[in-house]
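Keep the sequence and the model side by side as you read.

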Amino acid sequence: MSQAHATATSTSTASAPTPVPAHYARLHQRHALLTGAGGGIGLAVARAYLEQGARCTVVDLAPRAPEPVQALLDAGLPLRYRAADVRDPGAIAALVEQAEAELGPLDVLFNNAAIFDMGPLLESDEAMYQRLFDVNVKGMFFTMQAVLRAMCRAGRPGAVINMASQAGRRGEALVAHYCATKAAVISYTQSAALAMAPHGIRVNAISPGVVDTPMWDHVDALFARYEHLQPGEKKIAVGRAVPLGRMGRPDDLCGAAVFLASDESRYVTAQTLNVDGGNVMS
Ligand SMILES: NC(=O)c1ccc[n+]([C@@H]2O[C@H](COP(=O)([O-])OP(=O)(O)OC[C@H]3O[C@@H](n4cnc5c(N)ncnc54)[C@H](O)[C@@H]3O)[C@@H](O)[C@H]2O)c1
């Protein structure tokens, strides 16, 4: 089996993760807050963080824990599920306070919640612009700010990982606003890293290419509409175009997400790491 087609990893969603022995755990007793972690990449990373000994506050929009998060709670893993909308800075600030009261000071933020939309440039309206910037930029920035404030107040080192995208590295004719929001994530990552370096807080980003999640089902449907394709056709095409030969799976992001949260990356800040099967080259 080629490396590109290796499948099951210890963070597969089939069963509850088993934390590695404390001695080996790379996030032993760290408290991580993860947004948009009710599914997709965020959920895979929450599972990986739990496996590495972290306590997790998992945030998403649904009022009750989505089924895979409930399964983790039922398995007795150290996590809390909190419903919140990242577009509401007041709610997020209160949530950070509550999370710290429940599971201790925050050490890690996986700043992941985002939405996707696209359309012909000349037809895109203010509503689409506003929707995308509200979640992907305003939500991303003020969530980061709330957690950075808490980390500074506690006087502890910390790690922030913002989810960018290859879309933030270049324009795309049909995807102007989403691309711009992800370029903003890369820029805020750099500025925040410089502002927080004196506090011992590192700020980095991850830039995936194409990852098979609920978001991509939506992306595929939109490309089908605008490029007159059959459902599923775009997914197959983008997977084939990846140098490693396939779309990413949520688990493929976990190694980088653990690395950037852990002390192994203690001398890494202000970076946006491509985790994209080589997509940036194609
Ligand atoms: N899937 C990809 O191909 C891909 C590629 C590059 C970058 N990314 C980025 O990776 C991150 C995760 O993407 P994914 O594919 O797992 O997406 P997803 O849609 O599967 O998951 C995103 C989660 O964010 C939540 N969310 C949306 N709006 C929110 C809000 N206002 N407040 C709180 N939560 C909210 C959703 O409910 C959802 O659970 C995103 O930042 C995305 O832009 C994804």
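Two ground rules come next. Residues are numbered from 1 along each chain as its sequence is written. The model is predicted: local features need pLDDT of at least 70, side-chain atom pairs count only at pLDDT 80 or more, and totals for chains, interfaces and linings use all residues.

Confidence comes as pLDDT, the predictor's confidence in each residue, from 0 to 100. Its mean over the protein chain is 94, and 95% of the residues reach 70 or more. Over residues 1-12 the pLDDT is below 50; beyond near neighbours in sequence, this stretch has 16 contacts in the model.

Now the overall build. The protein chain has 8 helices and 7 strands. These are DSSP runs, numbered from the N terminus: helices are H or I with at least four residues, strands are E with at least two. Along its principal axes, the C-alpha trace spans about 50 × 45 × 40 Å. Two residues are in contact if their C-beta atoms, placed from the backbone, lie within 7 Å. Of the contacts with a separation of 6 or more, 71% join residues 24 or more positions apart.

Next, the interior. A residue is buried if 20 or more other C-beta atoms lie within 10 Å of its own, exposed if 12 or fewer, and partly exposed in between, with C-beta atoms placed from the backbone. By that count, 43% of the 282 residues are buried. The largest nonpolar core has 76 residues. Such a core is a set of buried Ala, Val, Leu, Ile, Met, Phe, Trp, Tyr and Cys residues joined through C-beta atoms within 7 Å. Leu34, Val45, Tyr49, Val147, Ile161, Ala257 and Ala261 have the most contacts inside this core. Its largest share, 9 residues, comes from H4. Take Val147: leaving aside residues up to four places away in sequence, Val147 touches Leu33, Val96, Leu106, Leu109 and Val160.

Cys56 sits in strand S2 (residues 55-60). Cys56 is buried because 29 other C-beta atoms lie within 10 Å. Beyond residues up to four places away in sequence, Cys56 touches Ala32, Leu34, Ala46, Tyr49, Leu50 and Leu79.

Helix H4 also holds Thr143. Thr143 has 28 other C-beta atoms within 10 Å, so it is buried. Its contacts, not counting residues up to four places away in sequence, are Thr35, Val86, Ile92 and Asn111.

Which residues come nearest to the ligand? Of the 27 residues around it, they are Gly36, Gly40, Ala114, Thr213 and Met215. By class, the shell has 14 nonpolar, 10 polar and 3 charged residues. Here Ala, Val, Leu, Ile, Met, Phe, Trp, Tyr, Cys and Pro count as nonpolar, Asp, Glu, Lys and Arg as charged, and the others, Gly among them, as polar.

Asn112 lies in the loop between strand S4 (108-111) and H4. Is Asn112 buried or exposed? Asn112 is buried, because 26 other C-beta atoms lie within 10 Å. Thr35 is 77 residues away along the chain, yet the two C-alpha atoms are separated by 5.3 Å. Apart from residues up to four places away in sequence, Asn112 touches Leu34, Thr35, Gly36, Ala37, Ile41, Gly42 and Met163.

Last, two backbone details. Most residues other than glycine have a negative phi. Gln29, in the segment before strand S1 (31-35), has a positive phi near 60°. Ala270 has a positive phi of about 70° and lies in the loop between helix H8 (254-261) and strand S7 (272-275).

Conventions
Near = placed C-beta within 6 Å.
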